[in-house]
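Thanks for making time, everyone.

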Amino acid sequence: MEKDSLKNLTKANNLAINHPLNSEIELSLFGPGYGECIVIHLGSGKWIIVDSCLNEESREPAALDYLKSIGINYKNDVQLIVATHWHDDHIRGLGKIINECTNAKLTLSMTQRKEEFLQLVGLYEQTKLIKKSGVNEFQSILRYLETNSKQPVWAIEGRTIFSDTIEDNYAVKIEAKSPSDKSITNAINLFAKAFPQKYDSQKIPSANPNHSSIVLSINIGNESILLGADLEETNDSATGWSIIVQSNSVSNKKAGVFKVPHHGSSNGDNPAVWKQMIVPAPLAILTPFVRGKKALPTQSDVTRILSHTNQAYITRRPAPGKIPYRKKDGVQKTILETTRYIRRVPLNSGQIRLRKNLATNDTWKIKLFGSAIQLERMETENENK
Ligand SMILES: [Zn+2]
């Protein structure tokens, strides 16, 4: 056999192996350290993407790189794209995904429909804050929608944003659990307040988009998945996790898979969520946040999550602080002279992949790629240091 055709055959076999079956749900969580993206196969070749981050090596959206690698025609097969909130670590590369997956509907938080938000986006665009805030990417999404006369499906608490039937047998229902009415009002007020008297970028207070981020409940057949986005606990019964717990009916199916909110941070934690909305010892998955002063999750966050379940997985270790950068010593100088600049070593990307066959009703199969690690193992390793 020719070398090339052998290569192609191996490639085809790999694709067949890597590809989920039509009767399999697959959930992949990507988190390179800064950013989060969830890619889900609902079954029957139908996919959804929740948030976006970049593959640190290719600088392409992690979701598209992954779907391409397993031979998915994402142009047709991605049915829904959700931007849970407009923080940069959740929407990097989203503009490209929306442009490529032309068959998909787009869901945004209801707060972003409001004039106050759009005006604020316009204002941010004129200031230096634009590079940091994720508004840049958001602006390109809004332009795409306008140019192509597309209307997003706006998410608000209790709204079913997607429904379908898989394999002629299993009902799919994706419901937004947030933002609540009051979260929307609060966000609008904050947007309005955020307008500065003078055009001084230093004085623009930030309206916290986490409070209006979209929590999703995904039901496929008997399976239930809860994706916590970056929603925080506000200790106000009409917003945050409190209202989600309150309005949760006991008849609702408890989730077997939980994407832990806000990178495991304590401000996203509400113990009642674990008790009332999730099965005991669920599969818990999360991404870290390694920029900023304090990396997430902290050691106490890890301990807290492990008190709920030992089946917890993270896409990489939350290395605190900045990526180490070598001092300007002799070696550095030589490198600088020969290469002009040093490329920072890419963050080790990680993927947690969960699969479950609807037809055989087996347990979830967990596979970790790259830097992904079981949370319990990470903790034991820390103790041994
Ligand atoms: Zn985040």
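Among contacts in the chain with a separation of 6 or more, 69% are between residues 24 or more positions apart. Keep in mind that this is a predicted model. The chain has 385 residues, and 44% of them count as buried. Its secondary structure comes to 14 helices and 16 strands.

Look at the β6 end. Strand β5, residues 105-109, runs parallel to β6, and three bridges join them. Ser-109 stands opposite Ala-155 there.

At the other end, take β14, residues 350-357. Six of its eight residues are buried. Seven bridges join β14 to β1, and the two run antiparallel. Glu-26 has Arg-355 in β14 as its bridge partner. On to β15: β14 pairs with it over six bridges, again in the antiparallel sense. In that pair, Ile-352 faces Leu-368 as its opposite residue.

Next, helix α2, residues 62-69. Which α2 residues are buried? Ala-62, Ala-63, Leu-64, Tyr-66 and Leu-67. The buried residues of α2 pack against β1, β2 and β3, and also against α3 and α5. After the helix comes Gly-71, with a positive phi near 75°.

Ala-63 brings us to the core. The largest nonpolar core has 88 residues. Those with the most contacts inside it are Val-39, Ala-63, Ile-81, Leu-216 and Leu-227. Take Leu-227. Leaving aside neighbours within four places in sequence, its contacts are Ile-38, Val-50, Val-215, Leu-216, Ile-218 and Lys-259.

Now a loop residue. Thr-84 sits between β4 and α4. Buried or exposed? Thr-84 has 30 other C-beta atoms within 10 Å; the cut-off for buried is 20 or more, so Thr-84 is buried. Beyond four places in sequence, Thr-84 contacts Val-50, Asp-51, His-90, Ser-213, Ile-214, Ala-229 and Asp-230. Ala-176 is 92 residues away from Thr-84 in sequence, yet the C-alpha to C-alpha distance is 9.9 Å.

Asp-51 lies in the loop between β3 and α2. It is buried, with 33 other C-beta atoms within 10 Å.

Ala-281 also has a positive phi, near 45°. Ala-281 belongs to strand β12. It is partly exposed, with 13 other C-beta atoms within 10 Å.

Last, the cis peptides. Where are they? One runs from Ser-178 to Pro-179, with omega near 0°. Pro-179 is in the loop between β8 and α9. Another runs from Leu-296 to Pro-297, with omega near -5°. Pro-297 is in the loop between β12 and α12.

That's the tour. Over to you for discussion.

Key. Residues numbered from 1 in each chain as written. Predicted model: local features only at pLDDT ≥ 70, side-chain atom pairs only at ≥ 80, totals over all residues. Pairing = 2+ DSSP bridges. Helix = DSSP H or I, 4+ residues; strand = E, 2+ residues; numbered from the N terminus. Buried ≥ 20, exposed ≤ 12 C-beta atoms within 10 Å, placed from the backbone. Contact = placed C-beta atoms within 7 Å. Core = buried A, V, L, I, M, F, W, Y, C linked by C-beta atoms within 7 Å.
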